[in-house]
Amino acid sequence: MTTPADPAPRTSNIHVGRGEPLVEITDVQKHYGEFQALKDIDLTVNRGEVVVVIGPSGSGKSTLCRTINRLETITSGTITIDGAELPKEGKALASLRADVGMVFQSFNLFAHLSILDNVTLGPIKVKGMKKSDAVALARQLLDRVGIAQQADKLPAQLSGGQQQRVAIARALAMQPKVMLFDEPTSALDPEMINEVLDVMVGLAQDGMTMIVVTHEMGFARKAADRVVFMADGQIVEEATPEEFFTNPKSARAKDFLSKLLTH
Ligand SMILES: Nc1ncnc2c1ncn2[C@@H]1O[C@H](COP(=O)(O)OP(=O)(O)OP(=O)(O)O)[C@@H](O)[C@H]1O
Ligand SMILES: [Mg+2]
């Protein structure tokens with residue numbers, strides 16, 4: 001939890017309205033040509049809630065994440081963030097994107113910019129923040145993810161786990177309402193996975209609303225309020241982590257978990 005000695009910048013009003021719907025996905029369909037990647041998706045994520053999305057390869061997990069910040073359009077249905085429907089383009093879309101932080105499997109840091117500049121770029125360019133304020137915020141966030149000492153280095157000088165923590169700090173610097181993570185640890189060497197998951201668990205404990213695609217069951221058990229299981233573009237099952245991992249209901253989930261557990 002946030003304590004007075006740990007004034008995380010994003011958390012000042014994070015508990016306001018906790019438990020109310022923040023991301024509402026209603027009857028969403030998504031086609032790529034003839035192929036339907038998302039079918040009849042209904043999902044509400046409440047403020048402060050942590051939802052883990054799990055499911056076999058090709059089930060539509062990344063597509064779902066990408067539609068939430070409109071990296072992908074949807075064919076029909078609605079997606080609202082904090083009551084506002086996703087705008088199609090322009091300034092409104094840029095501002096909505098700022099509300100939705102996204103962390104990918106590949107960190108996508110700007111290779112020619114220092115760690116500090118990677119984190120300050122968005123706040124300065126998109127939010128019009130004063131450079132000195134952006135630097136102060138970035139330093140606070142880099143400290144929070146445990147890499148304050150690396151601020152002046154280039155991305156290539158950092159380990160994968162450190163780079164992914166920079167990517168998290170960069171997303172947080174936009175002061176998003178919700179954070180999306182798409183398999184944030186699956187490109188990392190095993191010894192670096194925990195340092196990234198620890199940062200994510202801390203964020204969850206601070207009350208950040210999070211949608212996390214991951215097969216890390218330890219994270220799901222520790223931090224998730226709900227597990228959403230997808231297969232073939234549909235949400236097949238939703239349950240608490242405890243329920244889902246110990247007593248999956250659908251044959252698809254049982255099959256998936258048995259494969260995951262034997263790896
Ligand atoms: N740009 C695209 N054009 C056509 N088909 C696509 C496109 N992007 C994704 N798909 C298809 O949509 C389906 C869902 O893909 P998606 O990447 O969302 O799956 P996923 O659950 O994230 O899988 P993984 O676990 O492998 O990351 C797949 O069959 C994929 O081939
Ligand atoms: Mg994916």
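Let's start at the ligand. A backbone N or O atom of G60 lies 3.0 Å from an oxygen atom of ligand 1. That is a polar contact, meaning a pair of N or O atoms within 3.5 Å. K61 brings a polar side-chain atom to 2.7 Å from a ligand oxygen. For E183, the side-chain distance is 3.4 Å. The protein covers 59% of the 630 Å² of accessible area that ligand 1 has on its own, by the Shrake-Rupley method with a 1.4 Å probe.

A word on the basis. This is a predicted model, where local features need pLDDT of at least 70, side-chain atom pairs count only at pLDDT 80 or more, and totals for chains, interfaces and linings use all residues. Residues are numbered from 1 along each chain, ligands are numbered from 1 as written, and side-chain values use heavy atoms, without hydrogens or water.

Which residues surround ligand 1? Among them are Y32, F35, S59, T63 and E183. Here, near means a heavy atom within 4 Å. By class, the shell has four nonpolar, six polar and two charged residues. Helix α1 gives the most, three residues.

Now the record. UniProt, in an unreviewed entry, places "domain: ABC transporter" at residues 23-257. Such annotations may be inferred rather than shown by experiment. That stretch is 39% helix and 26% strand. Helices are DSSP runs of H or I, at least four residues; strands are runs of E, at least two.

Last, helix α3, residues 115-125. Its buried residues include I115, L116 and V119. Buried means under 20% relative accessible area, with a 1.4 Å probe and protein chains only. The buried residues of α3 pack against α4 and α5, with contact meaning heavy atoms within 4.5 Å.

Note on methods. Buried means under 20% relative accessible area, exposed over 50%, partly exposed in between (1.4 Å probe, protein chains only). A polar contact is a pair of N or O atoms within 3.5 Å; within protein, one must be able to donate a hydrogen and the other to accept it, and residues adjacent in sequence count only if both atoms are side-chain atoms. Ala, Val, Leu, Ile, Met, Phe, Trp, Tyr, Cys and Pro count as nonpolar, Asp, Glu, Lys and Arg as charged, and the others, Gly among them, as polar.
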